[in-house]
Number of protein chains: 4
Amino acid sequence: MTYRHDIAHVGHVELLTPTPEKSLRFFVDVLGLTENGTSGDSVYLRTWDDYEHHTVKLTAHHTSGIRRTALRTISQEALDTLVTEIEKTGRGSGWIDGDAGIGDTYLFTDPDGHEFELYWESEHYRPPEELRPSLKNQAQRYPGRGVCVRRLDHVNFLGADVAANTEFLMDTLGARTTEQIVLDDGTVSGRWLHFANKTYDIVYSGDWTGTTGRLHHIAFATDTREDILRAADIALENDVFIETGPHKHAIQQTFFLYVYEPGGNRIELCNPGARLILAPDWEPITWTEAERAKGQAWGLKTIESFHTHGTPPVDEPAAR
Amino acid sequence: MTYRHDIAHVGHVELLTPTPEKSLRFFVDVLGLTENGTSGDSVYLRTWDDYEHHTVKLTAHHTSGIRRTALRTISQEALDTLVTEIEKTGRGSGWIDGDAGIGDTYLFTDPDGHEFELYWESEHYRPPEELRPSLKNQAQRYPGRGVCVRRLDHVNFLGADVAANTEFLMDTLGARTTEQIVLDDGTVSGRWLHFANKTYDIVYSGDWTGTTGRLHHIAFATDTREDILRAADIALENDVFIETGPHKHAIQQTFFLYVYEPGGNRIELCNPGARLILAPDWEPITWTEAERAKGQAWGLKTIESFHTHGTPPVDEPAAR
Amino acid sequence: MTYRHDIAHVGHVELLTPTPEKSLRFFVDVLGLTENGTSGDSVYLRTWDDYEHHTVKLTAHHTSGIRRTALRTISQEALDTLVTEIEKTGRGSGWIDGDAGIGDTYLFTDPDGHEFELYWESEHYRPPEELRPSLKNQAQRYPGRGVCVRRLDHVNFLGADVAANTEFLMDTLGARTTEQIVLDDGTVSGRWLHFANKTYDIVYSGDWTGTTGRLHHIAFATDTREDILRAADIALENDVFIETGPHKHAIQQTFFLYVYEPGGNRIELCNPGARLILAPDWEPITWTEAERAKGQAWGLKTIESFHTHGTPPVDEPAAR
Amino acid sequence: MTYRHDIAHVGHVELLTPTPEKSLRFFVDVLGLTENGTSGDSVYLRTWDDYEHHTVKLTAHHTSGIRRTALRTISQEALDTLVTEIEKTGRGSGWIDGDAGIGDTYLFTDPDGHEFELYWESEHYRPPEELRPSLKNQAQRYPGRGVCVRRLDHVNFLGADVAANTEFLMDTLGARTTEQIVLDDGTVSGRWLHFANKTYDIVYSGDWTGTTGRLHHIAFATDTREDILRAADIALENDVFIETGPHKHAIQQTFFLYVYEPGGNRIELCNPGARLILAPDWEPITWTEAERAKGQAWGLKTIESFHTHGTPPVDEPAAR
């Protein structure tokens, strides 16, 4: 398969919350993000290492979930090429004006109905005086407040059909699989996709309810594993629900902590460490049911709620 | 400028040492690399996270320095394209059989005379039973011996003309500048080049002696900053010369420790942390003489020997 | 209650193993202890920061468990005073010659039958040339091998009657309680005792089988929490059984990892961090059943085997 | 020498600042201390792990320096005994009412004129609702703000005659020497004293100006070495002057960072790690001039201002 590199990285996400004020306080005070303007019912938030206008668009809504995931292309030419590819699939929704700091934006949906946007033009962030960093090669001053997450790391979607969703992104966008879970009956129940050197950028996990368009979690990266341990202490002191961790994933070997933000969305705080995928011909790692039954890297059993909690919540989770 | 991605990563280096047995012990016992065969006067050594045959080819020689730096392309097609580009410059040396585990290899030199190789075919490493990792998404068992460096991170060359050397790699290979030092007289005295998401892969520093083809250092990445602190303790206990650090570079913000291996080559142990260059339109950061005079990130003065020690050694370093 | 300080610290333990060669390899290769002589069926082992002759006396035996726990007094006078106190209780067994490096030794047992020794005279360790540290304020060279545990931290006994055992040590030796678990029926099911600034040195946990004289675990301290995470990786790669962790205890807030050494004894690797008990009038913290049901600090449930695994093993664990 | 344990620990210090508002912001926002009331021109400040009323009494003054260092005894009886000892020396100043949260307090001075207080009665801190920790074995909620120092670690005085000052504390209070620097002419130029398991609590360094009663620095302990690295980043971002570090001291092996608070007082942020002095018969380590000339543990030269900066400042530092 030809090695393509048209998508630069996940840019930002629009996250929905039924408790906007509490969610805002969580992102600002507990995770250490910075507000960067508002738009209607939305607040723009940024991690300190983001070179763009915003990392999260937090939007008040009647329920939780993810509204949209933005992917930046490596050039205008790549954007045009990708739009052409997507339009062939019939899943394109057309062009809109971009959000604050973002140029023309093309919308489309994956087979599951998750909305994505593609864009190229992006204003690089220029911090106001009080947020100016001491080192000029840094986007914004290190906040020293709460967990201080560095950047958005990845988005993990729930999807009714993991294979179909991931194949769509692989075919249209040039995403590549680094790791996956294949059940004994051949069903792909989880697949980790990446675009460049990060080991994963977009993940799909099977939605046991058969519902479409839901979110498993979004993840923010920290600098060190110590930051994750410290995050657990900070979560504990701030009555943030810790679902599981800190521990090390067997898949991708990421050091993790999962919490729920007040609106109900699952948030992963992760440290992928120095792990990069440098091989352009990386062979996808496939994990079997038996291997997954062993739990995480150091033996922690995968928590049951990983298979029952997604956003927005649904009434009747079918048995898995 | 068009965003190109033809080079996947730095693959391996051939390092020369006048004290081969002592250098071998340093790489194996102190840094934690693993031997993977020999060839003539050379020993192949690998870091535990390297997916290829070897990371360092350590070769007995009458003096120190770097003989060759290998760059892997993202495909056979990219390799062919790059060779065509290089041949236009007249700096190509032609094809040779590759080293162990490596396919057809094309040699060329930069304007300074440093030898490079380009290759695409590469056997993925299959560990013997005793080196098999517990997690199947890992190349080799974590050795738990010495510093346990994860991978080769970058190569920093000394060059008589930094601008000319880096422009050559930018033009022919599609390298991009992330940061650079420009002196008051306009001379580029240091430039950091990268190929994908790592913030740098190849660096050129001005050689004050006017000599060509020398090495400033090669660098190995660890998982955490704590590993660097631990490395300093391990160096101390093993009579390894610590030149400077641990500290944090202002440029690139890398957490570093510099030591000399017994053959005299400078080795950096570094933790680039979670820092990645995701922006496809990253604007190079330029540091002035005045800014560099402030020293490293937390105030440590740049050590004088950074401007006087390179390998192989030369007789008469001119005043800088 | 009068503040007493007669016991300086836990000195060493004699640990029994039915698999002496495998246990030895575990302590030397995985934990990073150093051999320091033998005696009959025993091998003396030391952690690198131990100022005395040995930290563990590892003895081949038909089963596992702890044979003896040694406590060093702060002076000869304190030793004599304590022996007088113990003899009043009828639990003294008399004087014996000490083990290698240890002077006259007085033996006694707690009500549960665990054997203790008291001693004052102790030869300070003088390392051979190859183990001499670079810094003269350190007992032995940092090994850079495996987990590199720093020192023996504490001993956790199983006991049929926690209250009786701990009151005995409090009355005779001046141990003080820092934390404890008191069940709803008033039973003390766990109690943490200390002698000076460490938050605990000796712990008793209720033995649900009613058996006496058994061991829950011995613990070794590392320098950092990162060392514990690294220890988990090292355990994983060396097929060492990880029972639970890494995680943070609610009680004492210790960062922990529990593994079984090949002989079956549970070993805790712990990082008590910078936590010290400085208050001479520290009020014991009492945890209720309801509080304990919440699990560890960040929510990990206490593993079931904590209540079913002790050494030596017994045939018929009663329901708890 | 008889092993005595009458002093429990350094309790708190009164620090003087000519820039009270800026100093307050430094302690609260950068170091993460919490205000706990005021008294006249003073603000009481506490670290989150302090079990007493306050850690620092920050007092507005025409210049910088330390006014008083408080030592808590292990009991009322120990307090009475020590007062008797001190009165014999003629250096006692008599009893006063204690500061907030502190009972009857006895004042005295060392030969250099530094004022000390001894006390036994101390109200244990009871946090208000918003500062209540999630774990009941912790004094106060972890603030998650700035460096988050855990506790006051030690005080380092400048003194005209190190030997005389330290012998006074050894004779009267039972302090013991763990390490010291002895110059070639026999002068003790630095001595580290401790009371229990911490490796040092009070340090004296020679004052090259011959002035008396001055401060070299006070030190706060963090949980991990990573906290110190993070502290350096926080200092950098907050325009706090970093004098030297992070690095590891050869003496005591403490991982350190030295900064100046806005009032001019030197503040050390330190991580003593898991290092404890457990030996009741620890033999003091003596460092020679030649050994000190080697610099810190990993080779950093001792910064010149260590010998020229003390508080309050004096006009004419004599050559050292």
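The legends below describe close-up views of a predicted model.

**View 1. The open sheet of chain C.**
In chain C, eight strands are arranged as an open sheet with mixed pairing, in the order E2-E3-E4-E1-E5-E8-E7-E6. Strand E2 (34-39) and strand E6 (92-96) of chain C are the edge strands, each pairing on one side only. From one strand to the next, the twist averages 25°. Helix H1 (residues 20-30) of chain C packs on this sheet and touches strand E1 (7-17), E2, strand E3 (42-46) and strand E4 (56-60) of chain C. The direction of H1 makes about 160° with that of E4(C).

**View 2. Strands E7 and E8 of chain C.**
Five bridges join strand E7 (residues 105-109) of chain C to strand E8 (residues 115-119) of chain C, and the pairing is antiparallel. C:Thr105 has C:Tyr119 of E8(C) opposite. Strands of a sheet pair through backbone hydrogen bonds, either parallel or antiparallel.

**View 3. Leu269 in the nonpolar core.**
The largest nonpolar core holds 342 residues, and the members that touch the most others are A:Leu269, B:Leu269, C:Leu269 and D:Leu269. Leaving aside neighbours within four places in sequence, the contacts of B:Leu269 are B:Val147, B:Val149, B:Phe220, B:Thr222, B:Ile228, B:Ala231 and B:Leu257. In soluble globular proteins, nonpolar side chains tend to be buried together.

**View 4. The contact between chains C and D.**
In this contact, 32 residues of chain D meet 32 residues of chain C. On the side of chain D that touches chain C, 15 residues are nonpolar, 11 are polar and six are charged. Of the interface residues of chain D, 97% are also interface residues in chain C, so the copies meet through the same surface.

**View 5. The axis relating chains C and D.**
Chain D is superposed on chain C by a rotation of 180° with 0.0 Å of shift along the axis, at an RMSD of 0.0 Å. This is the relation of a two-fold axis. The C-alpha of D:Asn197 is the one in chain D nearest the axis, 2.9 Å from it.

**View 6. The contact between chains B and D.**
Chain B and chain D each contribute 10 residues to this contact. On the side of chain B that touches chain D, helix H4 (225-237) and strand E14 (241-248) of chain B each supply at least two residues. H4(B) gives the most to that side, with five residues. By class, the side of chain B that touches chain D comprises seven nonpolar, one polar and two charged residues.

Conventions: Residues are numbered from 1 along each chain as its sequence is written. Chains are lettered from A and ligands numbered from 1 in the order in which they are written. This is a predicted model: local features need pLDDT of at least 70, side-chain atom pairs count only at pLDDT 80 or more; totals for chains, interfaces and linings use all residues. A nonpolar core is a set of buried Ala, Val, Leu, Ile, Met, Phe, Trp, Tyr and Cys residues joined through C-beta atoms within 7 Å. A residue is buried if 20 or more other C-beta atoms lie within 10 Å of its own, exposed if 12 or fewer, and partly exposed in between; C-beta atoms are placed from the backbone. Two residues are in contact if their C-beta atoms, placed from the backbone, lie within 7 Å. Helices (H or I, at least four residues) and strands (E, at least two) are DSSP runs, numbered from the N terminus. Ala, Val, Leu, Ile, Met, Phe, Trp, Tyr, Cys and Pro count as nonpolar, Asp, Glu, Lys and Arg as charged, and the others, Gly among them, as polar. Copies are superposed by least squares on the C-alpha atoms of residues with pLDDT of at least 70 in both. Two strands pair if DSSP finds at least two bridges between them. Axes are lines fitted to C-alpha atoms, for helices over the stretch in contact, and angles run from 0 to 180 degrees between N-to-C directions.
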